[in-house]
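Please open the model in a viewer and keep the selection panel at hand. The stops below follow one another, each giving a selection and what is found there.

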Amino acid sequence: MRRPSIVLGGSRASWTGLAVGAPVMVFAIVGVLGADEVEIGSWGRWVVSAALFHDLLLVPVVLLVGAGLHRIVPDSAWVPLRWVLLTVGSLVLIGLPFVRRYGYQEANPTALSRQYGTGLARFCAVVGVVGIGWWLMRRRRTTPDGNDLTEASAIGPSPRTKP
Amino acid sequence: MRAPEERFESKLHEGRSAAVLGIALGVSFSVCFLTGLWSHFAQHPPSWFDFPARPAGLYRVTQGLHVVTGTASVPLLLAKLWVVFPHFVKLPPVRSVAHAIERLALLPLVGGSLFLLGTGVANVARWYPFPFYFPTGHYWAAWLTMGGLVAHIGAKLSITADALRRVPADPTLVRATPTDRRAFLGGVAAASGAVVLATAGGTVAPLGDLSVLAQREPGVGPQGLPINQTAAAAGVVDRARDRGWRLVVDGAVDQPLDLTLADLRALPQREAVLPIACVEGWSASARWRGVPVRDLLALAGAAPGAEVVVRSLEEAGRYGSSELNGGQAADADTLLALELGGEPLHIDHGYPARLIGPNRPGVLQTKWVTRLEVR
């Protein structure tokens, strides 16, 4: 059986995608070059910095935190905890400028009018409670030696099962 | 010694999870792009396209969808990038010229995606730490990202299709157990749902209390309606309250008009329930009452289908005027509103007169109107 290629050049679709996508990217660059209120250098720095921030800072931190927690939490808690971390992490990233009220203007109290810190904390607490509920449900489904019964009945023991 | 990519223990760093998340992101980014393009056309209509006046609430839906899908994409994108992260550290980083091109095309895709979501969230929070005009920078980054996305879809089409087969030709594409994968992908979907719940209340009123990160609270504002710019900030308070205020209708008309507020109130009035739909995603409906613009145009003897430039007392600033195309100006519900909710307009809502029309972005619902210039 033919093994599908994972690099460009392995299929016609790869080159078609590049043939369509590259002109669109060039169109964007030309658009920025012709725009009055966007300077290509600062705009490009923000695009590149976003990728660097993610790849060199955010993901390594997430991986380290995940690896550390994975070692100390029980197997049955890991999946709910991972969901809680993703949800709360996303909420904090989105909520930070609201909580800090960077955009608040006293002249217009109808915008950013909520108590964002309190609201976010409550919302995250609810996410945490849902996560704990999920964990308790998973614990009831697992055997004392850590096997997930659903998993075991479907395809055999979980790869994370401790010997 | 293990290769760098082999140090990632989770079996969710696999082709099948990446394929499912990639498809979900492709859909959400496409919806976001198309609704964003729609908003761009509403504000900067190209010569070949007349933005329609109907359905009245269409812009409210499309812009709400734009912000909701963008917000929902945050956990999706973070999860997708986490799943494929081992490829980022794979050695050697480049295996061929073709592979180098593929990797290079990831920079505009990844950087552009993060830029779009980051600046979009900042805009909803009314925070502008970047040294460029948000709509323009965001608009061109969307094109950059979509170009990168198309190139990426082409490069990954065969591997994605294979990863989703029940039995892939490349068995290394499937590493996690179905239960683990379901729990992970279900969790990502639930995380997206949670961030939507936390933010969408400015658009979906029933979520108002749940949406702890919504920019607006339903019902909060003068006359129960939020505002984006006050009269004081626009520097129009004195002129808006001046008893000598006049509405001028001129340009391509037979009989220019110069009307006082009393003159306008004496004309036949029409009532319409229309939303203020902000580009930041929030929207709120209200009952407006005023003189249909088409009646004023008819009174001045403008040609049918004439276009109108609506000018505000706010001379400085980006939104001191807006345009009505022929269809919008002729719509019965495009009003020069004098009342909101049965009361004279609050000055922050545009007293003495403001434009309100169906299917228009809030920034084009010009406040403190002083002139209709017919073309």
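Select domain 1 and domain 2 of chain B: about 2000 Å² is buried between them, and carbon and sulfur atoms give 44% of that area. Buried area here is the accessible area (1.4 Å probe) that two parts lose on being put together, summed over both. The model is predicted: local features need pLDDT of at least 70 and side-chain atom pairs pLDDT 80 or more, while totals for chains, interfaces and linings use all residues. Residues are numbered from 1 along each chain as its sequence is written, chains are lettered from A and ligands numbered from 1 in the order in which they are written, and side-chain values use heavy atoms, with hydrogens and water left out.

For the selection itself, domain 1 of chain B covers 4-207 and domain 2 covers 222-374; such bounds come from an automatic or database domain assignment. Taken over C-alpha atoms, the centres of domain 1 and domain 2 of chain B are 39 Å apart. Contact (heavy atoms within 4.5 Å) links 24 residues of domain 1 of chain B with 25 residues of domain 2 of chain B.

Next, display the charged side chains between these domains of chain B, where 3 salt bridges are counted. The term requires a side-chain nitrogen of Lys or Arg within 4 Å of a carboxyl oxygen of Asp or Glu. Arg126(B) and Glu280(B) form a salt bridge, with 3.4 Å between the closest N and O atoms. On the domain 1 side of chain B that touches domain 2, helix 1 (15-43), helix 2 (58-88) and helix 4 (106-124) each give two or more residues. Helices are DSSP runs (H or I, at least four residues), numbered from the N terminus. Helix 2 of chain B supplies the largest share of that side, 6 residues.

Now select chain A together with chain B. Which area do the two chains bury between them? Chain B and chain A bury about 6900 Å², with 73% on carbon and sulfur atoms. In contact are 87 residues of chain B and 72 residues of chain A.

The count between chain B and chain A is 1 salt bridge. Zoom to Arg318(B) and Glu37(A), whose side chains meet in a salt bridge at 2.5 Å, N to O. On the side of chain B that touches chain A, colour helix 5 (134-164), one of the elements that give two or more residues. Helix 5 of chain B gives the largest share of that side, 17 residues.

Move to the loop between helix 1 and helix 2 of chain B, where Pro55(B) is found. Arg54(B) and Pro55(B) are joined by a cis peptide bond, with omega about -5 degrees. In the loop between helix 2 and helix 3 of chain B, select Pro92(B); the peptide bond from Leu91(B) to Pro92(B) is cis, with omega near -5 degrees.

Finally, in chain A, select Arg101(A), in the loop between helix 3 (75-99) and helix 4 (116-141). Arg101(A) is not a glycine, although its phi is positive, about 55 degrees.
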